[in-house]
Amino acid sequence: MRCPILLLAATAFALATPAAHAADFPVHAQLTGNGGSPAYRPGDAPRGLTVHLSNTTRTARRDVHAVIVLVDRERKLTPGNITLQYRDAAHRTWRAVPLTHTGNDENVGVVGGEDGPGMTLAPRQSAAVELRLRFGRGTRPGHVAASATVMQRERAGADGEWVGQSEPYEFDIVAPVPVPGPGPSPSPGRGTGPGPRPGPGPGPGPGPGPGPRPGQRPAPETTRPPQAPAEAPQMAATGAAERAALAAAGLLIGGAALVIAARRHD
């Protein structure tokens with residue numbers, strides 16, 4: 001596998017002694033975030049970055065390439081964790097920036113590709129390259145420093161010349177927010193709530209009256225007031241007295257008739 005020349009140059013520059021500053025290069029470079037908190041959560045939507053380039057000289061700069069370098073403090077970040085894209089202004093679309101993992105655990109990618117035509121910066125001209133960056137699920141939390149190295153190639157296949165370097169743009173990869181799972185399902189065991197209430201349905205059939213409950217004294221018997229005799233027995237008694245009186249009257253009348261008959265015979 002061929003190792004891109006610009007990637008080698010950018011890696012060597014990143015490892016060089018930081019004696020030079022951005023102002024010492026002919027192309028001023030700055031890498032900034034597009035607002036918001038400088039923290040990335042694995043699995044979130046991509047966040048925007050911008051590379052600002054300014055040609056500070058009176059000479060045109062042709063075949064200029066912005067090389068993005070990402071390195072984490074723990075040296076655990078790999079290209080499989082990173083999705084980096086740049087906006088192709090000519091075609092108004094987003095294109096991938098392929099990343100290479102170097103032997104020093106940097107993740108390096110050339111905007112526009114190693115074999116791309118690069119940019120042309122006229123004297124005193126500025127340009128902006130829009131990027132967007134995201135980290136996949138499973139990326140370990142850590143502190144990351146991103147920078148833009150500006151390389152200019154004089155002719156095709158030749159080594160690149162360092163013409164610019166941005167200050168690091170630092171941010172953190174933070175742990176993802178845990179997604180709450182479904183709560184425990186209620187078990188069919190004994191519950192703590194009230195049991196079923198008795199319904200309004202019919203109860204048991206007639207039986208002996210309720211007796212005293214255990215530990216409860218029986219209620220004293222109350223004397224019921226005498227009830228008047230029913231009307232039907234009174235009528236029966238009245239009929240019997242009338243029949244007795246009629247019988248007695250019959251006897252008296254019969255006796256009187258016998259006395260009168262005896263006197264006639266005398």
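Begin the tour by selecting N107, which, leaving aside its neighbours within four places in sequence, is in contact with I68, V69, L70, L77, T78, P79, I82, T100 and H101. The model on screen is a predicted one, and N107 is found in its strand β8, residues 107-110. With a relative accessible area of 0%, N107 is buried; if its side chain is displayed together with that of H101, a polar contact of 3.0 Å can be seen joining the two.

From N107, move to one of its contacts, V69, which lies in strand β4. Is V69 buried or exposed? Its relative accessible area is 4%, and V69 is therefore buried, since the cut-off for that class is under 20%. Select V108 as well: the C-alpha atoms of V69 and V108 are separated by 4.6 Å, although the two residues stand 39 residues apart along the chain. Beyond four places in sequence, V69 is in contact with E106, N107, V108, A145, A146, S147 and T149.

Stay on strand β4 and select H65, which lies in that strand too. H65 counts as buried, at 1% relative accessibility, and a polar contact of 2.7 Å joins its side chain to that of D63.

In soluble globular proteins, nonpolar side chains tend to be buried together. The largest nonpolar core here has 31 residues, and the members to highlight are V51, I68, L131, L133, F135 and F171, which touch the most other members. Which strands each supply at least two residues of this core? They are β1 (27-33), β3 (47-55), β4, β5, β10, β11 (142-153) and β13 (169-173). A second, separate core consists of five residues, among them V67, V69, V108 and V110, so that V69, visited above for its buried position, belongs to this separate core.

For a view from within the largest core, centre on L131, one of the residues that touch the most other members. Apart from neighbours within four places in sequence, L131 is in contact with L31, R47, G48, L49, V51, I68, L84, Q85, Y86, W94 and V111.

Now select A127, whose place is in strand β10. At 22% relative accessibility, A127 counts as partly exposed. Its C-alpha atom is separated by 6.4 Å from that of S54, a residue 73 residues away along the chain. When neighbours within four places in sequence are left aside, the contacts of A127 are with V51, H52, L53, M119 and L121.

The next stop is the second largest pocket, where about 370 Å³ of space lies. Strands β4 (61-72), β5 (82-88) and β10 (126-135) each supply at least two residues of the lining. Colouring the lining by class gives nine nonpolar, five polar and three charged residues.

Finally, zoom out to the whole chain, which has two helices and 13 strands. Of its 266 residues, 29% count as buried.

Terms used:
Residues numbered from 1 in each chain as written. Predicted model: local features only at pLDDT ≥ 70, side-chain atom pairs only at ≥ 80, totals over all residues. Heavy atoms only, no water. 1 Å grid on protein atoms, 1.4 Å probe; cavity = no way out; pocket = protein on both sides within 12 Å on 5 of 7 lines; lining within 4 Å. Points joined across faces, edges and corners; volume = space filled by probe spheres on them. Helix = DSSP H or I, 4+ residues; strand = E, 2+ residues; numbered from the N terminus. Nonpolar A, V, L, I, M, F, W, Y, C, P; charged D, E, K, R; others polar. Core = buried A, V, L, I, M, F, W, Y, C linked by side-chain atoms within 4.5 Å. Buried < 20%, exposed > 50% of the residue type's maximum accessible area, 1.4 Å probe, protein only. Contact = heavy atoms within 4.5 Å. Polar contact = N/O pair within 3.5 Å; in protein donor to acceptor, adjacent residues only side chain to side chain.
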